[in-house]
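Trainee: Could we go through this structure together, one question at a time?
Mentor: Gladly; have a look at it first.

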Amino acid sequence: MVHLKFIIINKFAGMYRKFFLLSLLILACDFPERDCLSFQTGTFEYESISDDGVKVISEFTRTKDLEIGYFNGKIDSNKVSWVSDCECIYKKVNPKSFSDKKSVQMKILSTNNDSYTFEYSYVGDIKNKQRGYVKKIKD
């Protein structure tokens with residue numbers, strides 16, 4: 001009978017040890033801050049590298065349902081549909097080609113005071129996700 005009590009106590013002690021270690025692991029994870037609502041609207045600056053290796057800065061203004069971008073003297077407009085506080089779908093207003101007709105999904109990964117890091121891809125294309133960094137310059 002004493003041997004049976006020892007086995008039962010040992011099982012519970014093992015479970016508590018596993019629970020304790022799992023709790024520590026979860027608490028040790030550093031989850032990035034995401035204050036996405038303040039980045040749904042405003043005027044933003046986006047840095048990218050051209051095919052020639054030149055740093056290019058473009059600017060865009062976003063309302064709750066429309067984004068207007070300015071790049072190399074051209075204006076580009078997208079309809080914006082927010083599916084959550086941190087994720088949206090873009091669709092070109094006047095697509096000129098087949099690839100322009102494809103919707104793009106964007107997810108804000110982390111935010112700072114005036115900037116955010118995001119990932120984007122064509123809707124359904126999980127293999128070709130890319131990341132970017134945007135700075136808010138006006139509300």
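This is a predicted model: local features need pLDDT of at least 70, side-chain atom pairs count only at pLDDT 80 or more; totals for chains, interfaces and linings use all residues.

Trainee: How far apart are the closest N and O atoms in the salt bridge of glutamate 119 with arginine 131?
Mentor: A salt bridge here is a side-chain nitrogen of Lys or Arg within 4 Å of a carboxyl oxygen of Asp or Glu. For glutamate 119 and arginine 131, the closest N and O atoms are apart by 4.0 Å.

Trainee: Which strands hold glutamate 119 and arginine 131?
Mentor: Strands (E, at least two residues) are DSSP runs, numbered from the N terminus. The pair ties together parts that are 12 residues apart in sequence, because glutamate 119 and arginine 131 lie in strands β7 and β8.

Trainee: Is glutamate 119 buried or exposed?
Mentor: Buried means under 20% relative accessible area, exposed over 50%, and partly exposed in between, with a 1.4 Å probe and protein chains only. Arginine 131, at 60%, counts as exposed. Glutamate 119 has 16% relative accessibility, so it counts as buried.

Trainee: How do the eight strands of the closed barrel pair?
Mentor: Two strands pair if DSSP finds at least two bridges between them. In general, strands of a sheet pair through backbone hydrogen bonds, either parallel or antiparallel. Here the closed barrel runs β1-β2-β3-β4-β5-β6-β7-β8, and the pairing is antiparallel.

Trainee: Which residue is the bridge partner of tyrosine 46 in β8?
Mentor: β1 pairs with strand β8 (residues 130–138) in the antiparallel sense over four bridges. In β8, the partner of tyrosine 46 is valine 134.

Trainee: Which residue stands opposite arginine 62 in β3?
Mentor: Strands β2 (residues 55–62) and β3 (residues 66–71) pair over four bridges in the antiparallel sense, and they form a hairpin with three residues between them. The residue that stands opposite arginine 62 also meets its side chain in a salt bridge (3.0 Å, N to O).

Trainee: How many residues apart in sequence are the parts tied together by lysine 92 and aspartate 76?
Mentor: The side chains of lysine 92 and aspartate 76 meet in a salt bridge (2.6 Å, N to O). Lysine 92 is partly exposed at 22%, and aspartate 76 is partly exposed at 32%. Lysine 92 lies in strand β5 and aspartate 76 in strand β4, so the parts they tie together are apart by 16 residues.

Trainee: Which residues touch the most other members of the largest nonpolar core?
Mentor: A nonpolar core is a set of buried Ala, Val, Leu, Ile, Met, Phe, Trp, Tyr and Cys residues joined through side-chain atoms within 4.5 Å. This core has 15 residues, and those touching the most other members are Met106, Ile108, Tyr116 and Val134.

How values were computed
Residues are numbered from 1 along each chain as its sequence is written. Side-chain values use heavy atoms; hydrogens and water are left out.
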